[in-house]
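Welcome! Let's take a friendly walk through this protein chain, one feature at a time. Keep the picture beside you as you read.

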Amino acid sequence: HPPSGEVVTHPVKRVDFMGVPLDVLRTEDVLAKIGELCAQNGRVHTLIYLNAHTYCQNFSDPQYHEVVRNADLVYPDGMSIVWGSRIIGRPVPVKLTLSDMIHPIAGYAAKHGMGIYLLGGKPGVAERAANVLKVRCSIVPSLLGSNTHTCVEVEDQVMPPVPNHLL
């Protein structure tokens with residue numbers, strides 16, 4: 001953020017990927033957008049990945065499609081999406097997976113004093129991931145190791161104080 005405290009907006013180009021929204025971006029665009037969204041206090045923001053499986057899920061689950069349609073950011077998580085975007089003439093530059101972005105996101109969060117909340121996986125996975133982030137990115141995320149993966153179950157969880165990112 002600039003020293004004045006003013007929020008700089010980072011426009012992201014959104015394209016229609018055969019009926020599903022998809023944002024055209026690189027890792028640095030994701031980081032800039034996360035910073036912008038975190039500066040907007042009082043609202044939960046949604047970043048969603050799009051791969052072949054979730055693309056198909058958009059057409060079999062209307063509720064999921066609505067979540068994707070209203071997401072703040074939809075990033076390409078899979079080469080099938082990158083290749084498909086090129087074929088239809090709306091190319092995205094790169095595949096962006098959370099495994100590729102986790103360290104840049106955690107580093108950005110540490111640099112800007114933001115919290116991260118890890119959710120999902122088998123017991124102990126979130127704790128091990130947090131230990132790696134602590135060493136590599138100088139950040140201590142708030143943790144929840146859980147097998148829950150649906151929005152309804154997430155809403156029922158007790159959240160730690162003010163996490164900026166839910167991963």
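## Contacts and overall layout

Among contacts in the protein chain between residues at least 6 apart in sequence, 67% join residues at least 24 apart; a contact here means heavy atoms within 4.5 Å. Please keep in mind that this is a predicted model, in which local features need pLDDT of at least 70 and side-chain atom pairs count only at pLDDT 80 or more, while totals for chains, interfaces and linings use all residues. Residues are numbered from 1 along each chain as its sequence is written, and side-chain values use heavy atoms, with hydrogens and water left out.

The protein chain has 7 helices and 7 strands. Both kinds of element are DSSP runs numbered from the N terminus: helices are H or I with at least four residues, and strands are E with at least two. Starting at the N terminus, their order is β-β-α-β-α-α-β-α-α-β-α-β-α-β. Of the 167 residues in the protein chain, 39% are buried. Buried means under 20% relative accessible area, exposed means over 50%, and partly exposed lies in between (1.4 Å probe, protein chains only).

Helix 1 covers residues 27–38, which is 12 residues. From first C-alpha to last it reaches 17 Å, close to the 16 Å expected at 1.5 Å a residue; the expected span is 1.5 Å times one less than the number of residues.

How many of the 12 residues of helix 1 are buried? The count is 9, so helix 1 is largely enclosed by the rest of the structure. Among them are Val30, Leu31, Ile34 and Leu37, and also Asp29, Lys33 and Glu36.

Helix 2 (residues 52–60) and helix 3 (residues 62–69) have axes that come within 6 Å and cross at roughly 120°. Axes are lines fitted to C-alpha atoms, for helices over the stretch in contact, and angles run from 0 to 180 degrees between N-to-C directions. The crossing of helix 2 and helix 3 is left-handed. A crossing is left-handed if the near helix is turned anticlockwise from the far one by less than a right angle, and right-handed if clockwise. Thr54, Gln57, Asn58 and Ser60 of helix 2 meet Pro62, Tyr64, His65 and Val68 of helix 3. By class, this contact has 3 nonpolar, 5 polar and no charged residues. Ala, Val, Leu, Ile, Met, Phe, Trp, Tyr, Cys and Pro count as nonpolar, Asp, Glu, Lys and Arg as charged, and the others, Gly among them, as polar.

Helix 5 (residues 98–111) and helix 6 (residues 125–137) have axes that come within 10 Å and cross at roughly 65°, in a right-handed crossing. The contact of helix 5 with helix 6 has 6 nonpolar, 2 polar and 1 charged residues.

## An aromatic cluster

The structure holds 3 aromatic pairs. Rings of Phe, Tyr and Trp (its six-membered ring) pair if their centres lie within 6.5 Å; planes under 30 degrees apart count as stacked, over 60 as edge-to-face and the rest as tilted. The rings of Phe17 and Tyr55 have centres 5.5 Å apart and planes at 80°, so this pair is edge-to-face. Phe17 lies in strand 1 (residues 13–17) and Tyr55 in helix 2, so the pair ties together parts 38 residues apart in sequence.

Tyr55 also pairs edge-to-face with Phe59, at 5.1 Å centre to centre and 65° between the planes. Is Phe59 buried or exposed? Phe59 is exposed, with a relative accessible area of 51%, whereas Tyr55 is buried at 16%. Together, ring pairs link Phe17, Tyr55 and Phe59 into a cluster.
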